[in-house]
Amino acid sequence: MTRLDRDGPTVYQPAEDSGLLAEAALETAHGRVLEVGTGSGWVAERIAAERGLRVVGSDRNPHAAREARGRGVEAVVADLLEPFRADAFDTVCFNPPYLPTDPENEWDDWMERALSGGESGRELIEPFLDDVGRVLAPDGVVLLLVSSLTGYEAVLALVEAAGFDHEVAVEESFPFETLSVLRLERRV
């Protein structure tokens with residue numbers, strides 16, 4: 001039995017970062033919406049209920065996809081954006097695993113995968129930004145949650161290298177980090 005199959009929490013539950021992403025999405029989301037890394041589906045459920053939009057949730061954790069479906073969210077097991085077609089979404093939301101984690105201290109379980117952003121904290125942000133333009137409709141918007149722990153300026157450099165302009169949609173500071181939701185649009 002692998003650690004991923006053991007008992008214990010298996011799905012990331014809503015926290016401060018989820019609340020910030022939901023706040024930005026409720027203000028900005030339009031059209032067809034994808035929430036990457038949907039976890040429990042709480043953000044996707046709020047967008048669908050409060051904005052009346054069709055929201056698809058994706059997560060690589062099958063327990064998360066199941067929990068999101070239990071909330072009424074259309075959810076699939078997927079690795080980032082891999083299964084989705086070009087220009088499929090008007091809004092893409094992502095609260096990535098962003099905590100920098102020493103590789104020698106990582107555990108092989110679902111909660112670790114929900115939290116760990118690898119050594120830099122940007123392990124999933126980089127491939128997400130490399131591919132999100134493919135699934136984004138021409139006038140689409142991306143909402144990306146970023147922690148100051150991941151190297152904010154390094155994330156902004158990745159955003160710019162991926163061809164996006166950015167602005168802070170919402171931000172909140174805590175004693176140990178600042179969380180920002182960046183609104184990304186294709187550079188014209």
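1. Let's start in the middle of the protein. The largest nonpolar core has 26 residues, and Val92, Phe128 and Leu144 touch the most other members. A nonpolar core here is a set of buried Ala, Val, Leu, Ile, Met, Phe, Trp, Tyr and Cys residues joined through side-chain atoms within 4.5 Å. Buried means under 20% relative accessible area, exposed means over 50%, and partly exposed is in between, using a 1.4 Å probe and protein chains only. Two or more residues of this core come from each of β1 (33-36), β4 (89-94), α5 (125-135), β5 (136-147), α6 (152-161) and β7 (178-186). The most come from α5, which gives five residues. Apart from this core lies another, of 23 residues, including Leu21, Leu53, Leu143 and Val170.

2. A word on what you are looking at. This is a predicted model, in which local features need pLDDT of at least 70 and side-chain atom pairs count only at pLDDT 80 or more, while totals for chains, interfaces and linings use all residues. Residues are numbered from 1 along each chain as its sequence is written, and side-chain values use heavy atoms, with hydrogens and water left out.

3. Now the overall plan. The protein has six helices and seven strands; helices (H or I, at least four residues) and strands (E, at least two) are DSSP runs, numbered from the N terminus. Along the sequence their order is α-β-α-β-α-β-β-α-α-β-α-β-β. Of the 188 residues, 48% count as buried. Among contacts (heavy atoms within 4.5 Å) between residues at least 6 apart in sequence, 63% join residues at least 24 apart.

4. Which residues does Leu144 contact, leaving aside its neighbours within four places in sequence? They are Phe94, Pro96, Ile125, Phe128, Leu129, Val155, Ser180, Val181, Leu182 and Leu184.

5. An α-helix has 3.6 residues a turn, so residues three or four places apart point the same way.

6. Next, a helix pair. α5 and α6 pack at an angle of about 20 degrees, with their axes 9 Å apart. Axes are lines fitted to C-alpha atoms, for helices over the stretch in contact, and angles run from 0 to 180 degrees between N-to-C directions. That angle makes α5 roughly parallel to α6, a label for angles under 35 degrees. The contact is made by Ile125, Glu126 and Leu129 of α5 and Val155, Leu158 and Val159 of α6.

7. Here is another pair to find. Helix α1 (residues 16-28) and helix α2 (residues 42-51) pack at an angle of about 30 degrees, and their axes are 9 Å apart. This makes α1 roughly parallel to α2. Among the residues in contact are Leu21 and Leu26 of α1 and Trp42 and Ile47 of α2.

8. Finally, two backbone details. Most residues other than glycine have a negative phi. Leu80 has a positive phi, near 55 degrees, and Asp87 has a positive phi of about 60 degrees. Leu80 is in the loop between β3 (74-77) and β4, and Asp87 lies in the loop between β3 and β4. Buried or partly exposed: which is Leu80? Leu80 is buried, with a relative accessible area of 15%, whereas Asp87 is partly exposed, at 38%.

Key. Parallel < 35°, antiparallel > 145°, perpendicular 65-115°, else oblique.
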